[in-house]
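Hello,

Here is the structure I said I would pass on. My notes on it follow below.

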Amino acid sequence: SGGFDTQAIQDKWQERWEKADPFRAGGSEDTRPRKYVLAMFPYPSGDLHMGHAENYLYSDIVARAWRHRGYNVLNPIGWDSFGLPAENAAIKRGAEPREWTYVNIEQQKQGFRSYGVSFDWSRELHTSDPEYYHWNQWLFQRMHERDLAYRKESPVNWCTNDQTVLANEQVVDGRCERCGAEVIKKKLTQWYFKITKYADRLLDDLNQLEGFWPHKVLQMQRNWIGRSIGADIDFRIEGRDEAVTVFSTRPDTLHGATFFVLAPDGDLAAELVAEATPEVQERFQTYLAGVSRQTEIERQSTDRPKTGVFLERYAINPVNGERLPIWAADYVLADYGHGAVMAVPAHDQRDLDFARAFDLPIRVVVDTTAPITGAIPVIELDDEGVPIDPGMDDSIDELNPAKTGLALVGEGRMINSGALDGLSKRNAIARSIEQLEAAGTGRAAKTYRLRDWLISRQRFWGTPIPMIHTADGRIVPVPHEQLPLQLPDAAGLDLTPKGTSPLGGATEWIQTTDPDTGEPALRDPDTMDTFVDSSWYFLRFLAPNDATQAFPSAEANKWAPVDSYVGGVEHAILHLLYARFITKVLFDMGYIEFTEPFSSLINQGMVILGGSKMSKSKGNLVLFKDEIDAHGADALRVALGFAGPVEDDKDWNDVSTTGAQKFLARALRVAQDVTSEPSVVWAEGDQALRRVTHRLLADAPALIDQTKFNVVVARLMELVNATRKTIDSGAGAADPAVREAAEATAMVLDLFAPHTAEEMWEMLGYTGFVGLVPWRVADPMLLVEDTAKAIIQIDGKVRATLDVSAKIDAATLEDLARTDDRVLKALAGREITRAVVRPPKVVSFSTK
Ligand code: ANZ
């Protein structure tokens, strides 16, 4: 359009880039400082879409900007190519997952090339290549040696459709994140990574990222790890030797405990029920059957009526010897804390709801109406020196939870709590832990929401777990010389989900020998969660073809952590948490010298249409390829870059590829119109245009660092318009400032519209790639604000001149004039009766 053949320009530069490979990162001989830019690698699920267009545009802008600024930039690309969609597609079409995957990779690769992304293609990797997953297996075995990979039997999330286990992170509202089917609990023995061992570090190190990662993501990670600080408290159970421990964030409220609750699906409930009367057993079994149909979310929901069964047993409160009836109720979860709680209905809403439902006692132990600052109220003592129970005064009676149904959760002062009385809640928590520790019935403790990472999957298209199950029941690693342990051919294997691993049916593959005894043994039939693949891939890019190690430490320490990581907020928890975990593990193993993988994180918003998500099913997809065919890659890039702040969702209705295309034609025309030679002296050019040029050169780096990409596009548009104005007036196309402006436009436009920028650069008479040209440094003289000379008259006589800003306002100028020494002298005490102010040039005073 605009007389330029977009397609031809695109083809020409894509071909030249392909030939010259100008975006390959410099090797060890390159002495420039390094920058590592990475966009979350794609899953090869089909053609590229608008989400990709946005994601890889942003990382490319950053990469290109850093190249112009003199850095040795690494901007690699690979594919996250294991996973369920390939397997499901294969089942549906009777094809092989491998085939489907690599065809899609090829298609996406063409998409990236057509989009002009400045990748270092020499580092391309696919996680489904044995050359890659070899090192997943290596990582697994190193973790196994350190007890960070282990097996345990526990209730796991089971997707009823995909017939495989899911990590907690992959269950959304009780449903499978991928297919939406119901997720149930099933007891299975599975492989886990011990991420909980790193919970404190994963949490505490988030503080270092504050200001560099979106705050929202840091908060999501904090909540996911969910550290609670409190105490473990031991309770004796009548008629039983072993004590039961509960975790409580409120040990200060021990005197307010009036009953005790166990998770109905936990071991202790089962043990107590086994000793109970037939009636209790029957009631409990009926209840339990209902509970296992509930999802965890339902169980924790506060607006559900509370249900439970009294087990006819009692726990003994360690601080006052009181007997607390033991109930089993589903609001207590088996796998949080110790699966048991001391119930304090006055101060915990769930306990209160339960107490009200079953008519259990409620005892207030924190007076939340009492001031917590200032002097501690005097506690009256009786004749024997025992504090007189202050009871509840009127104000607290109004708040009585038994009447209001609202638990008192706020700050306050302790009452009804023996030696804790009068203390603020906060101090009482500390004091009660001291008391429990002294008595040997409790201790300070922390609990986390985070669970160990379940990594086994009962599916085919993933990394085989490199372990062997021996005939005598040992589990030993596949000898390292046998790695990579490759997947067998899928042909002939039944991949349909049936709850056991398809690899188990690969009769030849599954059979092996015990490396210690030579006896027949079986391979582990499971594959790894694909989040293992993506937890360390940024390190593999540093030497993707190294067959001797996962990554060379020296290179990793030179390039990583990643300086700028770009991706969708949908990965705020899972992927980022796992990558942070594995980075810390590799640090502890001595392979790397840093503990966080991504120094800064950019989360892009979504591209939506008419306010809602684009999707095939809604028929409102705007196709990546269609847009490029219709308007060109650069127009799509500019339009997306201009559409709004990076983190905002962008409605396609506000994205103008046609507008962008027109702008690009205008930019090309400017370059075409330049008549001066590259050797002209810019300083002789139009000063006003030069100022616009130099302001952009000065501001662009910081704007890019702040990810204000849309502002840079707006400033480019301003510069192109200013250049056109100079061409059409004054010295015209021959003005040296026009050439200077056109060259600067090409340099900065390269971030957004690299094909157009290269074309401009060539029109301007250069042969190299503009993408590799260092940005010009702005001339500070041209950044200084315009100044003007203001004359100050008194009764028609010029008494002073002032150097002022050209943009000075009338009030400021008048103030300056009135307070000027020369003016004051000339006035000699006379009163000013009239002031005429014409900024920036004239101030005219009249006197009596
Ligand atoms: C007594 C108490 C009194 C509690 C009080 C709270 C308020 P967070 O903050 O989420 O960690 N709890 C402990 N284990 C539980 C389990 N397995 N299932 C359900 N609830 C459980 O919550 C910690 C609190 O949740 C603990 O502190 C315990 O109730 C309950 F005024 O102990 B608390």
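**Two aspartates with positive phi**

Asp-359 is found in the loop between helix 12 (349–358) and strand 16 (366–367). Please bear in mind throughout that this is a predicted model. Asp-359 is not a glycine, yet its phi is positive, at about 60 degrees. Most residues other than glycine have a negative phi. Is Asp-359 buried or exposed? Its relative accessible area is 73%, and the cut-off for exposed is over 50%, so Asp-359 counts as exposed.

Asp-21 is another non-glycine residue with a positive phi, in this case about 50 degrees. Asp-21 sits in the loop that runs between helix 1 and strand 1 (34–39). With a relative accessible area of 24%, Asp-21 is partly exposed.

**Cis peptide bonds**

Most peptide bonds are trans. The bond from Leu-483 to Pro-484 is cis, and its omega is near -5 degrees. Pro-484 belongs to the loop between strand 22 (475–477) and helix 16 (507–510). Pro-839 and Pro-840 are also joined by a cis peptide bond, with omega at about 0 degrees. Here the loop that holds Pro-840 lies between strand 33 (832–838) and strand 34 (842–847).

**The ligand and its surroundings**

How many residues surround the ligand? There are 17, and the closest of them are Ser-228, Ser-248, Leu-333, Tyr-336 and His-347. By type, the shell around the ligand divides into eight nonpolar, six polar and three charged residues.

In Ser-248, a polar side-chain atom lies 2.7 Å from an oxygen atom of the ligand. Thr-249 takes part through its backbone, where a polar atom is 3.0 Å from an oxygen atom of the ligand. Leu-333 also has a polar backbone atom in range, 2.8 Å from a nitrogen atom of the ligand. On its own the ligand has 650 Å² of accessible area, and the protein covers 84% of that. Which elements give two or more residues to the shell around the ligand? They are strand 11 (244–248) and strand 15 (340–343).

**Cavities**

The structure holds two cavities of 30 Å³ or more. The largest cavity contains about 140 Å³ of space. It is lined by 15 residues, and those closest to its centre are Thr-6, Gln-661, Leu-664, Leu-668 and Thr-756. Two or more lining residues come from each of helix 1 (6–20), helix 22 (633–642), helix 23 (657–673) and helix 27 (754–763). The largest share is that of helix 23, which gives four residues. The lining of the largest cavity is made up of six nonpolar residues, eight polar and one charged.

What is the volume of the second largest cavity? The value is about 30 Å³. The lining of the second largest cavity consists of Pro-251, Leu-254, His-255, Val-319, Leu-420, Ser-432, Gln-435 and Leu-436. Of these residues, five are nonpolar and three are polar, with no charged residue.

**Two further residues**

Asp-651 is placed in strand 30 (residues 650–651). Its relative accessibility is 15%, and buried means under 20%, so Asp-651 counts as buried. A polar atom of the Asp-651 side chain lies 2.7 Å from the backbone nitrogen of Gly-611.

Ser-553 is part of helix 19 (residues 553–559). Ser-553 has a relative accessible area of 25%, which makes it partly exposed. In sequence, Ser-553 and Glu-593 are 40 residues apart, while in space their C-alpha atoms are 8.5 Å apart.

That is the end of my notes.

Regards

Definitions and conventions
Residues numbered from 1 in each chain as written. Predicted model: local features only at pLDDT ≥ 70, side-chain atom pairs only at ≥ 80, totals over all residues. Heavy atoms only, no water. Near = heavy atom within 4 Å. Polar contact = N/O pair within 3.5 Å; in protein donor to acceptor, adjacent residues only side chain to side chain. Areas by Shrake-Rupley, 256 points an atom, 1.4 Å probe, with all protein chains shown as cover. Nonpolar A, V, L, I, M, F, W, Y, C, P; charged D, E, K, R; others polar. Buried < 20%, exposed > 50% of the residue type's maximum accessible area, 1.4 Å probe, protein only. 1 Å grid on protein atoms, 1.4 Å probe; cavity = no way out; pocket = protein on both sides within 12 Å on 5 of 7 lines; lining within 4 Å. Points joined across faces, edges and corners; volume = space filled by probe spheres on them.
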